[in-house]
Amino acid sequence: MTCSQRVPPLGGFGRLTAVAVLAAAWLAAPGLAGAARAATLEVGAGKTYAMPSDAAAAAHAGDRIVIAAGTYFDCAILRANDLTIEGAGPDATIITDKACAGKGLFIADGNNITIRNLMLTRARVPDTNGAGIRAEGGDLTVEHVQFVNNQNGILSSNMPDKKIIVRDSVFLRNGTCEMGPCSHGIYAGHVALLRVERSKFFETKQGHSIKSRAFRTEVIGCDIADGANGTSSYSIEVPNGGDVAVRDNHIQKGPKSENHTAAVVIGAEGVTQPTPAIIVEHNTFLVEGDYNSYLVYNLTATEAELKGNILQGNAKPLRGDGVVH
């Protein structure tokens, strides 16, 4: 058939048959039938579900849970895969004070879960390991979420083939070391990737703003600051080594920091995984205290590469193996 030839239109029964065949093929295609069943579950006063936990219990793979503005004394276990949980905004939708399974406000047991546009605050459990989000099932994406005054902001289990992505979020006054092992702003177990970008950590208490055992850790374009009152230990700790990229961040250690050693510390608990590269570039590091502190303390045998960083106050560039440009 040449380009000038045209297919005759289907008439009557032929047209209906073709439409039916196409519809059947669409429903039979892998994944498309599931997508057709995906639902939006609405939470709030006068909505189908009164509380986030009610919607989470009813959710299926691919569903979207939309939580209206309000304060919810609730917690939820998110078991469905490919689930999205979305609030009306980080100052509008607030989940607070209650911990599920002795772990946290949201327990992400499903794979490929996205949580956005809400606040998670005051997660407390007796072992001081409570979290705004406990990541246990698989890939997790967090966007535009405020974590305020939790023991951990985000805490993950070991999931060696999974990734955790955090974007455009705020971690305010999280952390504690009061009763044994410390809790942190973000604490990632052995995952394939932890990527934190364009996020703010402020006034972390005693623990680290970010602690990562990930095989690759990326902290990009963040603001990590003690301010006048924060008592954090390290800004970023990568205790077991791994591929590390820290770039375009503003990092400040304040007068009440409880560990003056360094902002970024790598290998402090023993290097147990490959560490192909440590790149720390184009960061601003400010020490506002009567002490010296290093931008990077590298305890691995991999040379850290520091380039284009700006050091202010009593900041020093590097302790351990590496080069400074």
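Is C75 buried or exposed? Select C75 to start: this residue is buried, with a relative accessible area of 4%, where buried means under 20% relative accessible area, exposed over 50% and partly exposed in between (1.4 Å probe, protein chains only).

Before going on, note that this is a predicted model, in which local features need pLDDT of at least 70 and side-chain atom pairs count only at pLDDT 80 or more, while totals for chains, interfaces and linings use all residues. Residues are numbered from 1 along each chain as its sequence is written, and side-chain values use heavy atoms, with hydrogens and water left out.

**Disulfides**

A disulfide (a pair of cysteine sulfur atoms within 2.5 Å) joins C75 to C100, with an S to S distance of 2.1 Å. The two ends lie in distant parts of the chain, 25 residues apart: C75 is in the loop between β3 (70-74) and β4 (76-78), and C100 in the loop between β6 (93-97) and β7 (104-108). Strands here are DSSP runs (E, at least two residues), numbered from the N terminus. The C75 and C100 link is right-handed, with 90° about the S-S bond. C100 also counts as buried, at 12% relative accessibility.

Next, select C177 and C182. They are joined by a disulfide with S to S 1.9 Å, and this link is right-handed, with 115° about the S-S bond. C182 counts as partly exposed, at 29% relative accessibility. The count comes to two disulfides, and their pattern is 1-2, 3-4, with bonded cysteines counted along the chain.

**Largest pocket**

A pocket is an open set of points on a 1 Å grid over the protein atoms alone, where a 1.4 Å probe fits, with protein on both sides within 12 Å along at least five of seven lines; lining residues have an atom within 4 Å of a point. The volume of the largest pocket is about 170 Å³, taken as the space filled by probe spheres set on the points, with grid points joined across faces, edges and corners. Its lining has five nonpolar, six polar and three charged residues. Here Ala, Val, Leu, Ile, Met, Phe, Trp, Tyr, Cys and Pro count as nonpolar, Asp, Glu, Lys and Arg as charged, and the others, Gly among them, as polar.

**Largest nonpolar core**

Finally, select I65, I85, F106 and I115. They have the most contacts inside the largest nonpolar core, which has 63 residues.

Notes. A nonpolar core is a set of buried Ala, Val, Leu, Ile, Met, Phe, Trp, Tyr and Cys residues joined through side-chain atoms within 4.5 Å. Helices (H or I, at least four residues) and strands (E, at least two) are DSSP runs, numbered from the N terminus.
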